Amino acid sequence: MQSRPTEQFPEQQTPQRPAQQAVEQAYVDALYARLDADTARVRADLGAALREKGDPEDAYTREVRVAMLDRRVRALDAAEHHLCFGRIDHADGGSLHLGRTGLSDGDEQLLVDWRAEAARPFYAATAAHPMGLRRRRHLGLDGRRVARVSDEILDGSDPGPDDVVGDGPLLEAISARRTGRMHEVVATLQAEQDAIIRSAHRGVTVVEGGPGTGKTVVALHRAAYVLAGFEDARADGVLVLGPNARFLDYIAEVLPSLGENDVTLSTADRLVADALSDVLPDAASATPGYELRRAAGDVRLADELAEIVRGYQAPSGTLTVLVDGDPATLDEHALAEARENAAGTGLPHNQARAVFKDLVVDFVADEVQARARVLLARLDEDIEVLTGGVNVDKAAAADLARLGFAPDEGGAFGHAAAVAELDPGALRAELTGDLALERAVEAAWPRLEAQDVVLDLLDARPELAAHDGAPGAPWSVAHLPLLDEAEHLLNGPPARTYGHVVVDEAQELTPMQWRSVLRRCPGRSMTVVGDLAQAGPATGAASWADALGADLARRADVRTLTVCYRTTAEVLAEAAPLLGRIAPDQERARAVRHGDAPRHRAAPDDLAAAVAEEVGRELGHGDLVAVVAADDAVPALARAVGDAANAAGAVRVVPVSQVRGLEFDAVVVADPEGITAARPGGERDLYVALTRPTRRLVVVEA
Ligand SMILES: Nc1ncnc2c1ncn2[C@@H]1O[C@H](COP(=O)(O)OP(=O)(O)OP(=O)(O)O)[C@@H](O)[C@H]1O
């Protein structure tokens, strides 16, 4: 961790403050005036571009221009809120203001986009490495009004009359009451986070770190950085994956508030369900148990599915096609050769089928031609006999030669030659459209759909069948990665892929889900964030090599975050023994804040009533409160705290399986033993539950 002050921010109402506020207010007024003018101009340009009819040949250029202007309008709109949040003063006297977007007046740069290289010292400079800075200033805006100014002096000099040394914006940000939605923190990104966000590494970056160390913050700000900085990411889009819909809802505002609306937010399940919606109109929606997820996530199933598909590719025997009532047969050898050649193309099954069919058509066409040659040769002989030895063709050839036409090389114009010159294209076209031939090919190498293949797998492995799937469908969402794998084997790569993929709570993805995700990121440009100590029972990944595969993990740039911004030192201490058992070797995160000691309460007789009472007490502080419990215990607890929830609207009862990544001001953990016992790896679940609060933790034991 850099040496920026984090634990103590003495509030000093220094006399310089109003004067400096006025100085900054004048600057900020000018910035907003520029923002308004730019917005009006870009909007007008966009309107004009949309109205433009023009030459259809220029349609593409116009589309690109519209997309660019549209992007700029949205960036300017998003920049309205907290337009400028900082300023850096270089020791040599120059200064820059930083904000959510760049603004300029002719050649003069008025505001530097936070993602620009010039903004780096704002995040990275420390007293030990001031990077040429004398001062870092944070500006807090209230609407368009400068409400706060606070400075850090970085070059060791004493504060001068224009410096406002005082409160810490970071502490202010992390101490703020939670709203249930995550916010961008572009003004207070810390050096270790910033270094990852603006890393130039284009391959896989893995970010690990304990709960609350800002992994999600890094993931989302990196998505915004990558969109601005990586051409291919902008061209092909950025995908952000989270563990469930609740989490996506929690992070939904962050990227739009950074001016990025073009990011696709999804879960690994939804991604596949959307991609397969044509073939799977009734994709199952039931939430499968972790057992099924785990079983269906086993990477060995990829080989089993491939084996099933191979079993449909002309497995053995012969193939007979009736042509005009006469059979043409590919014997075992010819069929095996056609199979090997078709499979050897490496094409997916349904495309390789077309190759296979072509080979069968070739074979049959050859047969037909050979047969015709024999027949016609016989016919020639018959005609010769009938015409008493006069060869009609030779006579005709002689006549033609006299007229100046050269005979062909063989010097013959016989029927056999005519057949050889039969338009082979026409013959092949006829055979390709032939129903009997198509039926024979379909029997040997059927066209398949993903469901066919997965159903075969379920037949062979009844333990993989869903018992809680949608009515009529034999599977649940746990089978989506299998269906996706099958779709890949049958029809090849997905139509929609992305230039950069961000995976949050990455420890939750099963190996089969990873295959789905990697398929959608052919460039392997990814930001993967997670904490293996928080892994749920569906994955059990013990290392990133387990999760990503050894190859990718070896090439990944692995970074570790070490400072916990969410929770207090007291809460981390509460969870520490558990972490010692789960992941004894993991580097412990250090909390930047202190707070109340966690409270314990035993309620063996009436857990629900005790939890409801604690919720009421926490709501009394005006906090956003969560009750976290084993999944099965949730309905009863939700009923018990229902009244409090209705009254205050600030309490959520969250099953522990869905609480990863979320946070609340206060958390009441109901029946920790019940959580631990509910499913394998229950200690990890409890660890996640205990590390959710920003302020207070209450543990109610049953
Ligand atoms: N630089 C920062 N400035 C302000 N707030 C921050 C900063 N870094 C992290 N936070 C806040 O700390 C909290 C925890 O961050 P985040 O959710 O990203 O952690 P995490 O590592 O993803 O946690 P978990 O492992 O539990 O999912 C959030 O409220 C986030 O906004």
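Student: How do the residues of the shell around the ligand divide into nonpolar, polar and charged?

Tutor: A word on the ground rules before that. This is a predicted model, where local features need pLDDT of at least 70, side-chain atom pairs count only at pLDDT 80 or more, and totals for chains, interfaces and linings use all residues. Residues are numbered from 1 along each chain as its sequence is written. Now the classes: Ala, Val, Leu, Ile, Met, Phe, Trp, Tyr, Cys and Pro count as nonpolar, Asp, Glu, Lys and Arg as charged, and the others, Gly among them, as polar. Here the shell holds nine nonpolar, nine polar and four charged residues.

Student: Which residues come nearest to the ligand?

Tutor: A residue is near a molecule or strand if its C-beta atom, placed from the backbone, lies within 6 Å of it. There are 22 residues around this ligand, and Thr188, Gly214, Lys215, Thr216 and Tyr565 come nearest. Two elements give two or more residues to the shell, α4 (169-175) and α6 (215-229). Those labels come from DSSP runs, numbered from the N terminus: helices are H or I with at least four residues, strands are E with at least two.

Student: What is the strand order in the open sheet of five strands?

Tutor: Strands pair if DSSP finds at least two bridges between them. The order is β17-β21-β20-β18-β19, with parallel pairing. At the edges stand β17 (599-602) and β19 (651-655), each with a single partner strand, so one side of each has no neighbour in the sheet. From one strand to the next, the twist averages 20 degrees. Axes here are lines fitted to C-alpha atoms, for helices over the stretch in contact, with angles from 0 to 180 degrees between N-to-C directions.

Student: Which strands pair with β20, and over how many bridges?

Tutor: Strand β20 (residues 664-670) pairs with β21 (residues 693-701) in the parallel sense over six bridges. It also pairs with β18 (residues 625-629), again parallel, over four bridges. Follow Val668 across: its bridge partner in β21 is Val698, while Val627 has Val668 as its bridge partner in β20. Ala666 stands opposite Arg696 in β21.

Student: Is β20 mostly covered or mostly open?

Tutor: Count neighbours: a residue is buried if 20 or more other C-beta atoms lie within 10 Å of its own, exposed if 12 or fewer, and partly exposed in between, with C-beta atoms placed from the backbone. β20 is mostly covered, with seven of its seven residues buried.

Student: What about the open sheet of six strands: what is its order?

Tutor: That one runs β3-β4-β2-β1-β5-β6, with mixed pairing. Its edge strands, β3 (103-105) and β6 (145-153), each pair on one side only. β3 and β4 (residues 108-113) are antiparallel over three bridges, and Leu103 has Leu111 as its bridge partner in β4.

Student: What span should helix α2 have?

Tutor: The expected span is 1.5 Å times one less than the number of residues. For the 21 residues of α2 (residues 59-79) that gives 30 Å, and the end C-alpha atoms are 30 Å apart, which agrees.

Student: Which residues of α2 are buried?

Tutor: Ala75, Leu76, Ala78 and Ala79.
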